[in-house]
Amino acid sequence: MRSSHQTSLLRNKTPALPAGIGRGTVQALHAAGVQVVAVSRTQADLDSLVRECPGVEPVCVDLGDWEATERALGNVGPVDLLVNNAGVALLQPFLEVTKEAYDTSFNVNLRAVIQVSQIVAKGLIARGAPGSIVNISSQASQRALTNHSVYCSTKGAMDMLTKAMALELGPHKIRVNAVNPTVVMTPMGQANWSNPQKAKTMLDRIPLGKFAEVENVVDIILFLLSDRSSMTTGSTVPVDGGFLAS
């Protein structure tokens, strides 16, 4: 079981996570001159990120804890852009799924998205400001994977949450989209797909024949945060090498 709890807020402020996709997003936004609030449950990750990207504002909190998240992020801002990247992948056969794995997965992968997005969206609406929210979903939202029953369920729910948020927040000029990558070569991705036989079963279904790199996902995140996607909301954008077409 591997987990990664990280999220990004951008002022041009954007919150971002310090490992894998989150860290790559922070690095790209920092390089573009965006003021970033990085959220992680791991202080060491935040410390190394701040050393690498001076000026990033770190917030250490477990997004699976509703009350702690409210205390940590309730007064953050103003935030214009949000990347909801926190996630856990607790892999179990369906017949062995535990209450603990279920609760942790839905608390981090879905409930935290709702809570943090509410905080940011309410701030945008109070200021009368437009904004963009990007939720990091997965190809697993649309294709069943062995031992991923809970993970697939959280990501399927995230896709529909993205559409519902887009519907309700659109009148306030807040766009909401999801990015749906295939396996990404983050530490979590490498750990869960290190078995060559397991990896081959997935790669054989990807027309491009490879897993995604972090920068492939970050490029799409930056596009959806930017005004270049000003007419795009409620979308789920695959970064999957053609997996969903196979």
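## Cysteines, salt bridges and a helix pair

The disulfide count here comes to zero, where a disulfide is a pair of cysteine sulfur atoms within 2.5 Å. Take Cys60: this residue is in no disulfide, and the nearest cysteine sulfur, that of Cys53, sits 17 Å away. Cys60 counts as partly exposed at 38% relative accessibility, while Cys152 counts as buried at 12%. For those labels, buried means under 20% relative accessible area, exposed over 50%, and partly exposed in between (1.4 Å probe, protein chains only).

A quick word on the source: this is a predicted model, in which local features need pLDDT of at least 70, side-chain atom pairs count only at pLDDT 80 or more, and totals for chains, interfaces and linings use all residues. Residues are numbered from 1 along each chain as its sequence is written, and side-chain values use heavy atoms, with hydrogens and water left out.

On to the charged pairs. The structure holds four salt bridges, a salt bridge being a side-chain nitrogen of Lys or Arg within 4 Å of a carboxyl oxygen of Asp or Glu. The table gives some of them, including the Arg23 pair.

| Pair | Closest N and O atoms |
|---|---|
| Arg23 and Glu52 | 3.0 Å |
| Asp103 and Lys99 | 2.6 Å |
| Asp204 and Lys200 | 2.7 Å |

In the Arg23 and Glu52 salt bridge, Arg23 lies in helix α1 (residues 20–31) and Glu52 in helix α2 (residues 43–52), so the pair ties together parts that are 29 residues apart in sequence. Helices here are DSSP runs (H or I, at least four residues), numbered from the N terminus. Arg23 is buried at 17% relative accessibility, whereas Glu52 is partly exposed at 41%.

Asp103 and Lys99 both belong to helix α4 (residues 99–127), four residues apart, or about one turn of the helix. Asp103 is partly exposed, with a relative accessible area of 27%, and Lys99 is exposed at 60%. Asp204 is exposed too, at 53%.

Helix α4 also packs against helix α5 (residues 149–169), at an angle of about 15 degrees and with the axes 9 Å apart. The axes are lines fitted to C-alpha atoms over the stretch in contact, and angles run from 0 to 180 degrees between N-to-C directions. That makes α4 roughly parallel to α5, a label for angles under 35 degrees. Contact (heavy atoms within 4.5 Å) involves residues of α4, among them Tyr102, Phe106 and Leu110, and residues of α5, including Tyr151, Met158 and Leu161.

Methods: Helix = DSSP H or I, 4+ residues; strand = E, 2+ residues; numbered from the N terminus. Parallel < 35°, antiparallel > 145°, perpendicular 65-115°, else oblique.
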